[in-house]
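The sequence and structure come first.

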Amino acid sequence: MMTGNEIRETFLEYFERHGHTRVRSSPLLPANDPTLLFTNAGMNQFKDVFLGLEKRDYVRACSSQKCLRAGGKHNDLDEVGKTARHQTFFEMLGNFSFGDYFKEDAIKFAWDFLVNELKMDSRRLWFTVFGGDDEVGPDEDAEQFSCASGAKIISGRWLTPAPAGHAAKFITTSATIPTIPQRIALTS
């Protein structure tokens with residue numbers, strides 16, 4: 001079994017080989033963002049790039065961002081200690097594209113990294129695809145791209161969340177940072 005350090009380094013090296021620039025973790029206390037008390041997500045340091053306020057000298061990035069969640073939307077304090085999944089301090093691995101690639105390639109990278117690089121059993125990977133709601137239609141592209149990447153649809157294992165409001169099915173940091181869909185979960 002790989003250690004946390006080995007997983008982190010394997011992730012960063014994988015994305016570097018695929019044209020991403022390794023970006024160091026930003027500080028836990030954001031210097032130039034009065035909307036955040038702490039860095040609570042890997043994408044925080046790229047907020048101004050996503051909003052079009054800043055341009056970097058690269059269009060692909062990967063990072064291992066130190067994060068602290070101790071309040072606000074992602075307040076895990078009430079859950080810490082109840083399960084092994086709720087932590088207040090953790091590192092978030094992320095790969096980012098600033099206009100270079102989108103959903104299709106992001107899904108291909110995720111599948112390739114998990115199945116071919118980490119040698120995870122593809123039969124244990126479940127995909128979530130947004131099923132749509134009153135405001136937004138179903139994410140048919142994600143389903144198509146996931147299948148094309150090599151994902152197998154196994155009866156009862158393809159998860160399409162019920163259209164009961166999409167907020168719970170998406171990762172979002174704040175109203176000003178883009179919302180991104182959750183893609184792959186590993187079953188136990």
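Is Phe89 buried, partly exposed or exposed? With a relative accessible area of 44%, Phe89 is partly exposed, because buried is set at under 20%, exposed at over 50%, and partly exposed lies in between (1.4 Å probe, protein chains only).

## Basis of the model

The model is predicted: local features need pLDDT of at least 70, side-chain atom pairs count only at pLDDT 80 or more, and totals for chains, interfaces and linings use all residues. Residues are numbered from 1 along each chain as its sequence is written, and side-chain values use heavy atoms, with hydrogens and water left out.

## Overall make-up

The protein has four helices and eight strands. Both are DSSP runs numbered from the N terminus, helices being H or I with at least four residues and strands E with at least two. Read from the N terminus, the order of elements is α-β-α-β-β-α-β-α-β-β-β-β.

Of the 188 residues, 36% count as buried. Contact is defined as heavy atoms within 4.5 Å. Among contacts between residues at least 6 apart in sequence, 67% join residues at least 24 apart.

Phe89 belongs to strand E3 (residues 89-97). Beyond residues up to four places away in sequence, Phe89 touches Leu28, Lys66, Cys67 and Leu68. The C-alpha atoms of Phe89 and Arg69 are separated by 6.6 Å, although the two residues are 20 apart along the chain.

Ser63 sits in strand E2 (residues 60-68). Ser63 counts as buried because its relative accessibility is 0%. Residues up to four places away aside, the contacts of Ser63 include Phe11, Leu12, Val23, Gly42 and Phe46, and also Met92, Leu93, Gly94 and Phe96.

Helix H3 covers residues 103-117. The expected span of a helix is 1.5 Å times one less than its number of residues, so the 15 residues of H3 should span 21 Å, and the 20 Å between its end C-alpha atoms agrees with this. The buried residues of H3 are Lys103, Ile107, Phe109, Trp111, Phe113, Leu114 and Val115.

Lys119 has a positive phi of about 60° although it is not a glycine. Most residues other than glycine have a negative phi. Lys119 counts as exposed because its relative accessibility is 65%.

## Nonpolar cores

A nonpolar core is a set of buried Ala, Val, Leu, Ile, Met, Phe, Trp, Tyr and Cys residues joined through side-chain atoms within 4.5 Å. The largest has 15 residues, of which Phe11, Phe15, Trp111 and Phe113 touch the most other members. Helix H1 (4-17), H3 and strand E4 (125-128) each supply at least two residues of this core, and H3 gives the most, with five.

Apart from this core lies another, of nine residues, among them Phe46, Ala61, Phe96 and Phe98.

## Second largest pocket

The second largest pocket holds about 310 Å³ of space. Of the 14 residues that line this pocket, Pro30, Asn32, Asp33, Asn44 and Gln45 are the closest to its centre. A pocket is an open set of points on a 1 Å grid over the protein atoms alone where a 1.4 Å probe fits, with protein on both sides within 12 Å along at least five of seven lines; lining residues have an atom within 4 Å of a point. The volume is the space filled by probe spheres set on the points, which are joined across faces, edges and corners.
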